[in-house]
Protein chains: 2
Amino acid sequence: MQNLEKILAHNHIKPTAMRLLVLQFLLNKKVAISLTDVENYFDQSDRTTLYRTLNTFVAKGISHKIDDGTGITKYALCEENCHCEINTDLHLHFHCTNCNETVCITDYKIPQIHLPKGYIAENVNLVVKGICDKCNCK
Amino acid sequence: MQNLEKILAHNHIKPTAMRLLVLQFLLNKKVAISLTDVENYFDQSDRTTLYRTLNTFVAKGISHKIDDGTGITKYALCEENCHCEINTDLHLHFHCTNCNETVCITDYKIPQIHLPKGYIAENVNLVVKGICDKCNCK
DNA sequence: TGCCTTATGCAACGGAAGTGCATTATTTGC
DNA sequence: GCAAATAATGCACTTCCGTTGCATAAGGCA
């Protein structure tokens, strides 16, 4: 698990116990998670700390925020070489209305969008809702 | 303003005073509005009534809900012939981070999205954030 | 060791969505 | 036209999530 510390160190985040645990949790989960998810998992721990831990991860660039249209902010680890700020590697998020999970579909890149004259795009968010493959197979 | 009553009647909504007022408000506003917007405008009126009025409009199909990524649910009247439920007339929403307004950009239709095997799309939401034409010109 | 910075934990706030229930208006059947 | 049923409204309250302030604990550095 040295790996975890390396990830943090590489992004200039002090490897506290809590951060290592949260990072591992994010790594294990393949889906985007909410603050409440983390909170439930680390039952004994304080909500604020977890909240700030997630925000630190976002600020330092190892994870990104996702708005999947449920009104609840989700978090997911960035891919290798991800530069969240830049328009080019934006991808699709899929929210399953059955299991309530949100996954990043990195294969699908958002196409160039031509806005009416005068509009300046800074950020694009594409969310598809429906049934995910797991729920579909059941 | 007979028109307003016709719209409601056509969608099987009883034309109460409140509903007519809210409908007119929506018609005048070219942008997507939040419950709070309506609430501020109809200062004397109860929030719950407005909340339920908007929900009724959505349920009966004369307006649709928009999630513009601000975390605040917005509402906008459907276009003529809109069938919100159906994937074909989904359009783009643009949220201006300067004036905080959200507009429907109906000219841009969301292209077909090819999801991985097993996924079923029911709904697509595409939100672009940035600076709108009005703010850009200032 | 002592100082300074950072992380953590507790408490509390605020906005927004939503619900329960009593009251008022509006239909509808008789 | 009246009574009963149905629907709409208004008030109070709850819950959930995001966020902040502040005091304490921990860790790094001179």
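Which residues do ring pairs link into a cluster? In this predicted model, the cluster consists of Phe25(A), Tyr41(A) and Phe42(A), linked by ring pairs. A search of the whole structure finds 8 aromatic pairs over all chains.

One of these pairs is formed by Phe94(A) and Tyr119(B). Their ring centres lie 4.8 Å apart and their planes meet at 80 degrees, so the geometry is edge-to-face. The pair crosses between chains. Phe94(A) belongs to strand β4 (residues 91-96) of chain A. Tyr119(B) sits in the loop between β5 (102-109) and β6 (120-131) of chain B. Phe94(A) has 0% relative accessibility and therefore counts as buried. Tyr119(B) has 19% relative accessibility; the cut-off for burial is under 20%, so Tyr119(B) also counts as buried.

Tyr119(A) and Phe94(B) form another edge-to-face pair, with 4.8 Å from centre to centre and 80 degrees between the planes. Tyr119(A) is in the loop between β5 (102-109) and β6 (120-131) of chain A, and Phe94(B) is in strand β4 (residues 91-96) of chain B, so this pair joins two chains. Both Tyr119(A) and Phe94(B) are buried.

The surface near DNA strand D was examined next. There are 17 residues around DNA strand D. Tyr51(A), Thr73(A), Thr16(B), Arg19(B) and Arg52(B) come nearest. By class, the residues of this surface divide into 4 nonpolar, 7 polar and 6 charged. Of the atoms of DNA strand D within 4 Å of the protein, 65% belong to sugar or phosphate; the rest belong to bases.

In Thr16(B), a polar side-chain atom lies 2.8 Å from a phosphate oxygen of DNA strand D. Thr48(B) instead places a polar side-chain atom 3.2 Å from a base nitrogen of DNA strand D. Elements giving two or more residues to this surface are α3 (35-41) and α4 (47-60) of chain A, together with α2 (17-28) and α4 (47-60) of chain B. The largest share, 4 residues, comes from α4(A).

Chain B also contains a β-hairpin. Strands β2(B) and β3(B) form this hairpin with 5 residues between them. In the turn, Gly69(B) has a positive phi of about 85 degrees. The strands run antiparallel and are joined by 5 bridges. Lys65(B) has Tyr75(B) as its bridge partner in β3(B). Strand β2 (residues 63-67) is mostly covered, with 4 of its 5 residues buried.

Technical notes:
Residues are numbered from 1 along each chain as its sequence is written. Chains are lettered from A and ligands numbered from 1 in the order in which they are written. This is a predicted model: local features need pLDDT of at least 70, side-chain atom pairs count only at pLDDT 80 or more; totals for chains, interfaces and linings use all residues. Side-chain values use heavy atoms; hydrogens and water are left out. Buried means under 20% relative accessible area, exposed over 50%, partly exposed in between (1.4 Å probe, protein chains only). Two strands pair if DSSP finds at least two bridges between them. A residue is near a molecule or strand if one of its heavy atoms lies within 4 Å of it. A polar contact is a pair of N or O atoms within 3.5 Å; within protein, one must be able to donate a hydrogen and the other to accept it, and residues adjacent in sequence count only if both atoms are side-chain atoms. Ala, Val, Leu, Ile, Met, Phe, Trp, Tyr, Cys and Pro count as nonpolar, Asp, Glu, Lys and Arg as charged, and the others, Gly among them, as polar. Rings of Phe, Tyr and Trp (its six-membered ring) pair if their centres lie within 6.5 Å; planes under 30 degrees apart count as stacked, over 60 as edge-to-face and the rest as tilted.
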